[in-house]
Amino acid sequence: DLNDYHGTMGFRTNFSGWQTDVSFTTGGNKQIYTVANTINRGLGINSPILFKPGGYSFSHIVGNIDVTKALTNDLHLGVGTEFRSEKFVIIAGDTASYKTSPGADSFPGIGANNAGESTRYNIGGYLDLGWDISKAFLINGTIRFEKYSDAGGGRGNYGNQSSFYNKDNVKDQRAFVWKVSSRYKVSEKVTLRGSASTGFRAPSLHQINLQIAQASFVPGSGIQTKGIVNNRSAQAKVLGVPTLKSEKSNNFTLGLGLNPTKNVSISVDYYNIKVKDRIILGSEISGTEEGNTQLDQVLQNNGIVAVSFFTNALKTLTSGIDVVTSFRNIALGNGKLGINVSGNFQFQSELDGGLDGVTNPKIISDAGKSVFDATQEALLLTSRPKFKIIVGGDYRVGKVNFNLNNTVFGPTTFHQAGIDANLDTKFKTKIVTDLGVNFGLSKNIDLGINIQNMLNVL
């Protein structure tokens, strides 16, 4: 059962050239699960066959203030601030779903020791300046500062783990990022543009606090209960799992814009993104065949068959080009036709530094294990289409507008856990077609009808 809500209200003002935009947003999402037609084997004949194993909820409140002003004809200023408050809740299941081992088959409930809530807030501010050096040459610079109350810890209450976390558990409370961009008009028909920037993403409350036991099918071994431990747990500390820290990125773009005629536009943009300390949910770590390592001892002492956790494990490199072309106002019968062709072509989606750059806790690496396996690589890298192309057309005649889009998804490769490392699942290139019709019923009323994936392509 899923409940989701979202609302924004705000106002805009203009006073002596100072344009102000103030907004307030609130939103939330709650998922509660039901498991039916199963049993908790530990309860025997007294087991119910329907369970409420718990769920999750997240909510936030966001306030924004943005102010802009043209200081001169050539110099523009923008300043702003944002405040955000977040709450993440793990909801315990009914006792029959988890209290007696092994819990409800297929989905053991969330135990009271893993349930609870965590909260945090952050505040940020930015300054933006744009300067038209000439009619052809524009440069723009932006700086942003952000402060989190945790970004790696937080205020929480999980079972008997209730505290304000000390500074040793908190990393990257503050972030400073910047962006420099420029545009140069070679002529009225040719424009060059580019940018360089840094980026920042704090670990989410979900990644910091999620802890759960989950039943899963293990090839050759049947159903086994495994777990995700959070970075604050005793098990994570024994395994040497470090506290999550923020992801950081360096970004570079270079683009060309063409307007050969009034009704034709073409743009080509190259992008290059490097991310370090990238957060992943690591692969399941189980014991070794020999069973004589420190890892084996930790797992046995804690009754764990296999365990996974969120960690800053990777550096990644992504590059490619985006192409957008538009042809407008083509006379066709009694109406006008527009054609749009756009695409993304990926050059790189890979580990920066290869497998040698993967960061593992020492206990895990000493046992010859890694948080990054073939399935993790597929999820993060090869499961992204190598290219994506959208060919669309819109035709307007009178008060009726027809819109047809064909999206081409390029080939992808995936690797399922538990299958030979040399065997992958390959998904072929496919085309998905969407059709829309819009009717102008009056000056203020439109009626739109849309069919998504009308040919039912999977």
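Reply: Asn329 counts as partly exposed because its relative accessibility is 47%. On this scale buried means under 20% relative accessible area, exposed over 50%, and partly exposed in between, with a 1.4 Å probe and protein chains only. Asn329 sits in strand β17, residues 310-332. Strands (E, at least two residues) and helices (H or I, at least four) are DSSP runs numbered from the N terminus. The phi of Asn329 is positive, about 55°, although Asn329 is not a glycine.

The model is predicted: local features need pLDDT of at least 70, side-chain atom pairs count only at pLDDT 80 or more, and totals for chains, interfaces and linings use all residues. Residues are numbered from 1 along each chain as its sequence is written, and side-chain values use heavy atoms, with hydrogens and water left out.

Most residues other than glycine have a negative phi, and most peptide bonds are trans. Ser106 also has a positive phi without being a glycine, with a value near 85°. Ser106 belongs to the loop between α1 and β5, and it counts as partly exposed because its relative accessible area is 44%. That loop, between α1 (95-98) and β5 (116-132), also holds Pro102. The peptide bond from Ser101 to Pro102 is cis, and its omega is near 5°.

Next comes a helix. In α4, residues 294-301, the buried residues are Leu295, Asp296, Val298 and Leu299. Seen down the axis of α4, these fall within an arc of 165°, so they line one face of the helix; the arc is that of the directions from the helix axis to the C-beta atoms. Gln294, Gln300 and Asn301 are exposed, on the face turned away from the buried side of α4. Among the elements that cover the buried residues of α4 are α3 (234-239), β15 (285-286), β16 (306-308) and α5 (362-366).

Lys362 counts as exposed because its relative accessible area is 61%. Between Lys362 and Leu239 there are 8.2 Å in space, C-alpha to C-alpha, although they are 123 residues apart in sequence.

Strand pairing can be followed through Val62. Two strands pair if DSSP finds at least two bridges between them. Strands β2 (residues 18-36) and β3 (residues 50-70) run antiparallel and are joined by 17 bridges; in that pairing Thr25 has Val62 of β3 as its bridge partner. β3 also pairs with β4 (residues 75-91), again in the antiparallel sense, over 16 bridges. There the bridge partner of Val62 is Arg84 in β4. Four residues form the hairpin that joins β3 to β4.

Finally, the protein as a whole. It has six helices and 24 strands. Its C-alpha trace spans about 75 × 50 × 45 Å along its principal axes. Of its 458 residues, 35% count as buried. A contact means heavy atoms within 4.5 Å. Among contacts in the protein with a separation of 6 or more, 63% come from residues 24 or more positions apart.
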